[in-house]
Amino acid sequence: MTMIINNSNNKFFWEKSQKNLSYILNLGLILFIIGLLLFIFCRKEHDLKIQSLKTINGWGYIIKNSDKIIIRQTIIPVISESKSFKTEKEALAVGQLVVKKLKSNNSPTITKNDLILLKIKM
């Protein structure tokens, strides 16, 4: 009496399992790479720099992001008159506050209270 063991079903199962595992690993790798690329490209870069600006009547400031001017402020914001900051120090103080607001994803709007707290002469 001879007994024949049929391994063809067992072999077929393992080949199919390896193929499925390979497919899942490749899909996972592709999703990981896509996620990594999205993270890199969607990340907001804040390379904000402040520069003082001499005007005819006083001082202002420029805020740049990666050497691109995003804000050019030549007059004191909020006040009804159109006049520049009296000193470079005042202009830079307001510019620093604007940068701080931008870095914390807030509106860069300056209020009259901000000017009072920074002791800006109006």
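**Briefing: sheet, core and surface of a predicted model**

Strands β1 and β2 (residues 59-65) are paired in the antiparallel sense over seven bridges. The structure is a predicted model. Its open sheet has three strands in the order β1-β2-β3, with antiparallel pairing, and the largest nonpolar core holds 16 residues.

**Sheet**

- The edges of the sheet are β1 (48-54) and β3 (68-73), each of which pairs on one side only.
- From one strand to the next, the twist averages 25 degrees.
- In general, the strands of a sheet pair through backbone hydrogen bonds, in either a parallel or an antiparallel manner.
- Within the pairing of β1 and β2, Leu53 has Gly60 of β2 as its bridge partner.
- The antiparallel pairing of β2 with β3 extends over five bridges.
- Asn65 has Lys68 of β3 as its bridge partner.

**Hairpin turn and positive phi angles**

- Strands β2 and β3 form a hairpin with two residues between them.
- In this turn, Ser66 has a positive phi of about 55 degrees.
- Asp67, located in the loop between β2 and β3, has a positive phi of about 65 degrees although it is not a glycine.
- Asp67 is exposed, because its relative accessibility is 65% and the class begins over 50%.
- A further non-glycine residue with a positive phi is Asn105, at about 60 degrees.
- Asn105 lies in the loop between α2 and α3 and is exposed, with a relative accessible area of 57%.
- For context, most residues other than glycine have a negative phi.

**Nonpolar core**

- Which residues of the largest nonpolar core touch the most other members? They are Tyr61, Ile63, Phe85, Val94, Val98 and Leu115.
- Helix α2 provides the largest share of the core, with six residues.
- In soluble globular proteins, nonpolar side chains tend to be buried together.

- Asp114 belongs to helix α3 (residues 112-117) and Lys101 to helix α2 (residues 88-103), so the pair ties together parts that are 13 residues apart in sequence.
- Are the two partners buried or exposed? Asp114 counts as buried at 13% relative accessibility, and Lys101 also counts as buried, at 16%.
- Both assignments follow because the values of 13% and 16% fall within the buried class, which is under 20% relative accessible area.

Note on methods:
Residues are numbered from 1 along each chain as its sequence is written. This is a predicted model: local features need pLDDT of at least 70, side-chain atom pairs count only at pLDDT 80 or more; totals for chains, interfaces and linings use all residues. Side-chain values use heavy atoms; hydrogens and water are left out. Two strands pair if DSSP finds at least two bridges between them. Helices (H or I, at least four residues) and strands (E, at least two) are DSSP runs, numbered from the N terminus. Axes are lines fitted to C-alpha atoms, for helices over the stretch in contact, and angles run from 0 to 180 degrees between N-to-C directions. Buried means under 20% relative accessible area, exposed over 50%, partly exposed in between (1.4 Å probe, protein chains only). A nonpolar core is a set of buried Ala, Val, Leu, Ile, Met, Phe, Trp, Tyr and Cys residues joined through side-chain atoms within 4.5 Å.
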